[in-house]
Amino acid sequence: MKLPDAEKLCDQIAAELKPRIGPKTGMVGLYTGGAWLAERLHRLLDLKSPLGLMDIAFYRDDYAARGLKHDPKRTKIPFDVNGCELLLVDDVLYSGRTVRAAMNELFDYGRPESIALVALIDRGERQLPICPQYCGATLAVAKGKMLRLDRNDAGKLSLRLDDD
């Protein structure tokens, strides 16, 4: 399967977002791939508010069954989310459960005016009624495969397909 160019998709999303950026816009990226994408978009869009980064590990609905699969990062949202027009950034949208967990955590920080979901890839197969408002590409991925965003030492983004 030929995967799309992550760099081109990032530029495409930035171009789509640019005219919609205003003084109340804030951005939060989800660790790990969504954080990388958010760092890039934040820079390309020249956002004035600092970038927020979030690890939703403790907010997952399967936390009791899965436990922690990684070393959790600390969520850092260095701006007031109250009244903010938030861009929530994730790399690959799949079941929707990560986004649901992120929204639960966001409301612990305040009440944003709005939340728009930005995803590099929408791979479908949703389990919850969640969809991206801004998306680089839609890509059907075979069951048992995981689509992942990588970032090399030079900061270049790329997609890879792994066995689940």
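1. Two strands count as paired if DSSP finds at least two bridges between them. Strands (E, at least two residues) and helices (H or I, at least four) are DSSP runs, numbered from the N terminus. With that in hand, look at β6 and β7: they run antiparallel and are joined by 7 bridges. Within this pair, arginine 151 stands opposite leucine 157 of β7.

2. A word on the model before going further. It is a predicted model, in which local features need pLDDT of at least 70 and side-chain atom pairs count only at pLDDT 80 or more, while totals for chains, interfaces and linings use all residues. Residues are numbered from 1 along each chain as its sequence is written, and side-chain values use heavy atoms, with hydrogens and water left out.

3. Stay with the β6 and β7 hairpin for a moment. There are 5 residues between its strands, and glycine 155 takes a positive phi near 90°.

4. Next, the salt bridges (a side-chain nitrogen of Lys or Arg within 4 Å of a carboxyl oxygen of Asp or Glu). The count comes to 11. One of them joins aspartate 150 to arginine 160, at 2.6 Å from N to O. Aspartate 150 lies in strand β6 and arginine 160 in strand β7, so this pair ties together parts 10 residues apart in sequence. Arg148, Asp150, Arg160 and Asp162 are linked in a network of salt bridges.

5. Lysine 145 and aspartate 163 also meet in a salt bridge, 2.7 Å from N to O. This pair links distant parts of the chain, with lysine 145 in strand β6 and aspartate 163 in strand β7, 18 residues apart. How open are the two partners? Here buried means under 20% relative accessible area, exposed over 50%, and partly exposed in between (1.4 Å probe, protein chains only). Aspartate 163 counts as exposed at 58%, and lysine 145 as partly exposed at 29%.

6. Glutamate 125 forms a salt bridge with lysine 143, their closest N and O atoms being 3.0 Å apart. Because glutamate 125 lies in the loop between β4 and β5 and lysine 143 in the loop between β5 and β6, the pair ties together parts 18 residues apart in sequence. Lysine 143 is exposed, at 68% relative accessibility, while glutamate 125 is partly exposed, at 35%.

7. Now turn to helix α1. Its buried residues are Ala6, Glu7, Leu9, Cys10, Ile13, Ala14 and Leu17. Seen down the helix axis, they fall within an arc of 160° and so line one face of α1; the arc is that of the directions from the axis to the C-beta atoms. The face turned away from this buried side carries the exposed residues Lys8 and Ala15. The buried residues pack against α2, β3, β4, β5, β6 and β7.

8. Which residues touch the most other members of the largest nonpolar core? They are Leu17, Met27, Leu41, Val118, Leu120 and Ile121, in a core of 31 residues. At least two residues each come from α1 (6–17), α2 (33–45), β3 (85–93), β4 (114–122), β5 (134–138), β6 (145–151) and β7 (157–163). A nonpolar core is a set of buried Ala, Val, Leu, Ile, Met, Phe, Trp, Tyr and Cys residues joined through side-chain atoms within 4.5 Å.

How values were computed
Contact = heavy atoms within 4.5 Å.
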